[in-house]
Amino acid sequence: MSSINYDLKQIKAIAFDVDGVLSPFTIPLSSEGEPLRMVSIKDGYALQLAVKCGLHLSIITGGNTHGVKVRFSSLGIQDIYMGASHKLPVLKEWMAKHDLKPEEVAYVGDDIPDLRVLRYVGLSCCPYDAASEVRSTCRYISRFTGGYGVGRDIIEQVLKAHGKWMSDNDAFGW
């Protein structure tokens, strides 16, 4: 049974912010000044499984570092939007590309730049440590903090609702 108060069978797509969602909100800097990210292996497993199961996934981030693109494309995510200072137009473009309606889309964000997107989609989600404005907007607040399993939490519940969590051989490998 899902802890998300939404008909998850409607969800055909999930879009994710990165910093504060799929990575913790504090990040180290390389000696060259490039932001580095930590990521959850459990999130990675769930992301690649969701792609194999036919969910449309996208990354919409204000960041613009090569490592982010490499990480998420290696998991099979094709729609990666970097340097998105205004995320709602990017989300709408991605939705149009895949012929998606707002009620078919979940978005996971954690801070003020995510608010317009969170208010637009059918299922708004955030990590436990999201900004208070985001928490008060979201339909679902994960029990996990950013970078520590939020993606897995949401994807697992969606795939279970679709009967696709651990449903075939793809679930047991990378």
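A residue counts as buried when its relative accessible area is under 20%. By that cut-off Val 105 is buried, because its relative accessible area is 0%. The model is predicted, and the values reported here are computed from it.

The chain contains six helices and six strands. Their order along the sequence is β-α-β-α-β-α-β-α-β-α-β-α. The radius of gyration is 15 Å, close to the 16 Å that the globule rule gives for 174 residues, so the chain is as compact as a globular protein of that length. Along the principal axes, the C-alpha trace spans about 45 × 35 × 30 Å.

Of its 174 residues, 50% count as buried. The exposed surface comes to about 8,600 Å². Carbon and sulfur atoms supply 52% of that area. Contacts were then sorted by separation in sequence. Among those between residues at least 6 apart, 55% join residues at least 24 apart. The charges comprise 19 positive and 20 negative.

Val 105 belongs to strand β4. Which residues does Val 105 contact, once neighbours within four places in sequence are left aside? The list includes Ile 11 and Ala 13. It also holds Leu 91, Trp 94, Met 95 and Leu 100. Val 121, Gly 122 and Leu 123 complete the set. Arg 119 lies 14 residues from Val 105 in sequence. The C-alpha atoms of Val 105 and Arg 119 are 11 Å apart in space.

The loop between α3 (87-97) and β4 (105-108) holds Asp 99. Is Asp 99 buried or exposed? Its relative accessible area is 69%, so Asp 99 is exposed, since the exposed class begins over 50%. The backbone of Asp 99 also stands out. Its phi is near 55°, a positive value in a residue other than glycine.

Gln 48 sits in helix α1. Its relative accessibility is 4%, so Gln 48 counts as buried.

The loop between β1 (13-16) and α1 (41-52) holds Glu 32. Pro 28 is placed in the loop between β1 and α1 as well. Glu 32 counts as exposed, because its relative accessibility is 68%. The side chain of Glu 32 makes a polar contact of 3.0 Å with the side chain of Ser 31. Pro 28 has a relative accessibility of 45%, so it counts as partly exposed. With neighbours within four places in sequence left aside, Pro 28 is in contact with Glu 34, Pro 35 and Leu 36. How far apart are Pro 28 and Cys 53 in space? The C-alpha to C-alpha distance is 33 Å. In sequence, Pro 28 and Cys 53 are 25 residues apart.

Key
Residues are numbered from 1 along each chain as its sequence is written. This is a predicted model: local features need pLDDT of at least 70, side-chain atom pairs count only at pLDDT 80 or more; totals for chains, interfaces and linings use all residues. Side-chain values use heavy atoms; hydrogens and water are left out. Helices (H or I, at least four residues) and strands (E, at least two) are DSSP runs, numbered from the N terminus. The radius of gyration is taken over C-alpha atoms; the globule rule is 2.2 Å times the number of residues to the power 0.38. Buried means under 20% relative accessible area, exposed over 50%, partly exposed in between (1.4 Å probe, protein chains only). Contact means heavy atoms within 4.5 Å. Accessible areas come from the Shrake-Rupley method with a 1.4 Å probe; for residues, only the protein chains shown count as cover. Lys and Arg count as positive and Asp and Glu as negative; His and the chain ends are not counted. The place of a charge is taken as NZ of Lys, CZ of Arg, CG of Asp or CD of Glu. A polar contact is a pair of N or O atoms within 3.5 Å; within protein, one must be able to donate a hydrogen and the other to accept it, and residues adjacent in sequence count only if both atoms are side-chain atoms.
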